[in-house]
Amino acid sequence: MIKRDYKGPIENSIEMAIEKIVNLLQYDYYLSPRSIAILLLQEDEGIRNLVKEKDAAGFSEIEQIVNNLKTYYKNPISYELAIERQNEVNDILKKAVRFAKDSISFRERLSRLLMNPVLGIPVFLLVSYFGLYKFVGQFGAGTVVDFIETNIFDKYITPFAENMVARFIPWQFLHELFIGEYGLITMAFRYAFAIILPITAFFFLFFSLIEDSGYLPRIAMLIDRTFKKIGLSGRAVIPMVLGFGCATMATMVTRILPTKRERIIATLLLALAVPCSAQLGVIMALLQHNPMALFIWAGVIGFIFLLVGYLTSKILPGDRPSFYMEIPPLRMPSLSNVIVKTYVRVKWYFKEIMPIFLWAGVLIWLGRLAKIFDFLVDILKGPLRAIGLPAEAAKAFLFGFFRRDYGAAGLYDLSAHGKLDGVQLVVSCVALTLFLPCIAQFLMNIKERGWKIGIGISVFVLFFSFSVAYVLNIVLKTLGVIL
Amino acid sequence: MSVKKIAIVGNPNVGKSVLFNALTKQYVVVSNYPGTTVEVSRGKMNLDGAEYEVIDTPGMYSLYSITEEERVTRDILIKERPEIIIHVVDAKNLERMLLLTLQLIEADLEVILVLNIMDEAVKEGVSIDVGLLEKELRIPVVPAISTAGKGIDNLKKKISEYDKKRL
C-alpha cells in the first residue's frame, strides 16, 4: 500500500488547507465549499477561474494556501487525494462486495500469466521482437521508409526543390541552407516526412494496440519491481518502450511521470542506454553476422542501463517512487479507436518535433559555414584512438549526431573495407549506442529539463560513453577475445 | 412551477444513454453544448404528475476535469444546478467507479447510485450487498440492467421518494 510521505505538523496538512479555503468561500457554487476547496487544491483551471470571478476578495489568500500546501508534499496534491479516495473506496467495497474466488475466467488467467515474472517475461520478449523489431523496425523503418525515400523524395521532391532554389535564390551560400546534403528541404523535411513520419506512424500503431488491449499496464506491473531498483516506477515503461522507437519523442513523454526525480532519471537513461530505432537498425546491420558480438553489445548496454539507473537513484535526492496505476481488463482493441489514436499522436508529435528539426538544420548550416565541424572532427579523433578505433570513425560519429544514416553508412563503410575487426566493431557499437543519438534529442533534453540539467545530462553522456568504450576495449583486449 | 432537473452522470460506456432513453421516451432534444463539439441530450419525464427535465451528460471520470467532455458536464452541474444526480456505474468495476460517487457525495449533491450491467457482474462472480452499500454511502442505490429495462421502475420510485423527502 502506498503511504503518504507527509508527516509534518497538522497545520500543514491537506485537511487544514481545505478548512481554511472553505472559510474564505462566500459564493454558492452548487458544489459544496469543501468540494470546491478540494478542486482548488488539485489546481483545476476551470474552478480556479470561477472562484477568481465569484470570490475575488479571498482569491489571493486562497492561492497562497494552495501554493503553500504544495511545498509540503513531494507528489502533486491531486495524486495524494486520489490515493486517499481509492483507499476509502476499497474500504467500502471490502464490506459490501464479494468476489467469487473459484470462478477465474480465461481472461483473468491470461492477465495473471502476463504479469507473472517467470512466464510474463518470455511473452514480453516475444511481443517486443515481433512488434518492435519485425513490425516497426524492419517493416516500418526499413521497407516503408525506403519506398518513400526512393520513390517520392528522390524522384519528385528533391529535384523540384533543387530546381526552385537554383532558379530563385541567387546566393550560393544560401543554397546550402535549403538543399544539398544538410539542407532544410533535402534533409530536415525529408527526415521528417520520409523517415520519422513512417517510423512514428508504425510505432504508434503498435503502441496503441498494446495500450488498448490492456497489455501495456501489465508490462508496467511486470517490470515495476526491477524499475524500482533504478529509481523509476512501472509507469516509466511507457517512455522506455517509446524510446526504442524514437528517444526524442520518449523524452517528451517523460512528462507522464509524476515526480521531477523520475523524469530526470528517465531522461538520462533514454539519452544513454536506450537505442532508438535508427540506432538499432545500424547496430543490427553491423553485427548481424557476428552473434557473439551482438550478445556482448546487448549485455554491456543492459548492464549500463541498470547500473546507471541504480547509481542515479542512490545519488539523486528525493523519495523512491510509488506506483499507482489502474489495470483495465484485457480486451480486443477496436480498430477504429486504434487508428484514430495513432493519427492524433502522429499529428501531435509532428507539431512538436518539426520546429526542432528545422532548428537543427539551421545549426548545421551555420556550423558548416563557420568550419566548426572540421574542428570538432579533429577533436574527436583523440578519444576515438583511445578506445582503439581508427581516426576515420570520427567523421562517422560526429555526422551521425546530425544525420543518422550518414553516421551509419560511415561505420558500415569502414567495416566493409575491413578497417574494423570484431572487437573494434563491438566497441564502436557500444560507444555509438551510449553516445547521444541525435541533435534533436539534445535539444529536447534542454527543452524538457531546462538548460542546466539538459546540458549536464548531455555532457555526462558524452564522457561516459567514451569511458565505457575505453574500458570495454581494454577488457576485451586483455582477455584476448577474438570476434 | 419550474421544471425540476435530473442529470445522469458517469464514466463513458456504462449505459447512461440507454437509461436516459428508458426514462424519457419522448421529447428528446440533442444539441451541441455552446462553444463545444460535445453533444448533450435532454428529454422530458413525467412521474406521479410531476414533470422533470432529464439531462444525459457526457462521460466523466472525476469532478476534477481534464477532457472537454468532463468540463461540459461540470459546467452543466454548476450552471443548471439539477435537483437530483443519477450516477450510473458499471457494477463489474466498482473499484474505479465509486471514486466519482464519493466526489459527488462530498459536493453535497442529491445522488442516486445506479449499479448498471448487473447481469455481467453476476456472471463474473461479483456479488454486491446493496443494503450495506446504501448504508456505507448514505445514498439510495439501485441495481439495474438498463438494456433489459430492469431496475427502471425502482429508480423512478427512488426519484419520487427523494422529491417527497425534500418537500
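Which residue of β7(B) is the bridge partner of A:V97? In this predicted model, the partner is B:I128. The bridge belongs to a pairing between chains: β1(A) and strand β7 (residues 126-128) of chain B run in the antiparallel sense and are joined over 3 bridges.

In total, 27 residues of chain A are in contact with 27 residues of chain B. On the side of chain A that touches chain B, the elements giving two or more residues are α2 (33-41), α5 (77-96) and β1 (97-99) of chain A. Of these, α5(A) gives the most, with 10 residues. Sorted by class, this side of chain A consists of 11 nonpolar, 9 polar and 7 charged residues.

Turning to chain A as a whole, one finds 21 helices and 1 strand. Of its 483 residues, 38% are buried. Among the contacts in chain A with a separation of 6 or more, 73% are accounted for by residues 24 or more positions apart.

Helix α15 of chain A covers residues 291-315, which is 25 residues, and reaches 36 Å from its first C-alpha to its last, close to the 36 Å expected at 1.5 Å a residue. The buried residues in α15(A) are A:A293, A:I296, A:W297, A:V300, A:I301, A:V308, A:G309 and A:S313. Their cover includes α13 (260-273), α14 (277-287), α20 (422-434) and α21 (439-479) of chain A.

In soluble globular proteins, nonpolar side chains tend to be buried together.

The surroundings of A:V430 show one set of contacts in detail. Leaving aside residues up to four places away in sequence, A:V430 touches A:W297, A:V300 and A:I301, together with A:V468, A:A469 and A:L472. Of these, A:W297, A:V300 and A:I301 are among the buried residues of α15(A).

Note on methods:
Residues are numbered from 1 along each chain as its sequence is written. Chains are lettered from A and ligands numbered from 1 in the order in which they are written. This is a predicted model: local features need pLDDT of at least 70, side-chain atom pairs count only at pLDDT 80 or more; totals for chains, interfaces and linings use all residues. Helices (H or I, at least four residues) and strands (E, at least two) are DSSP runs, numbered from the N terminus. A residue is buried if 20 or more other C-beta atoms lie within 10 Å of its own, exposed if 12 or fewer, and partly exposed in between; C-beta atoms are placed from the backbone. Two residues are in contact if their C-beta atoms, placed from the backbone, lie within 7 Å. The expected span of a helix is 1.5 Å times one less than its number of residues. Ala, Val, Leu, Ile, Met, Phe, Trp, Tyr, Cys and Pro count as nonpolar, Asp, Glu, Lys and Arg as charged, and the others, Gly among them, as polar. Two strands pair if DSSP finds at least two bridges between them.
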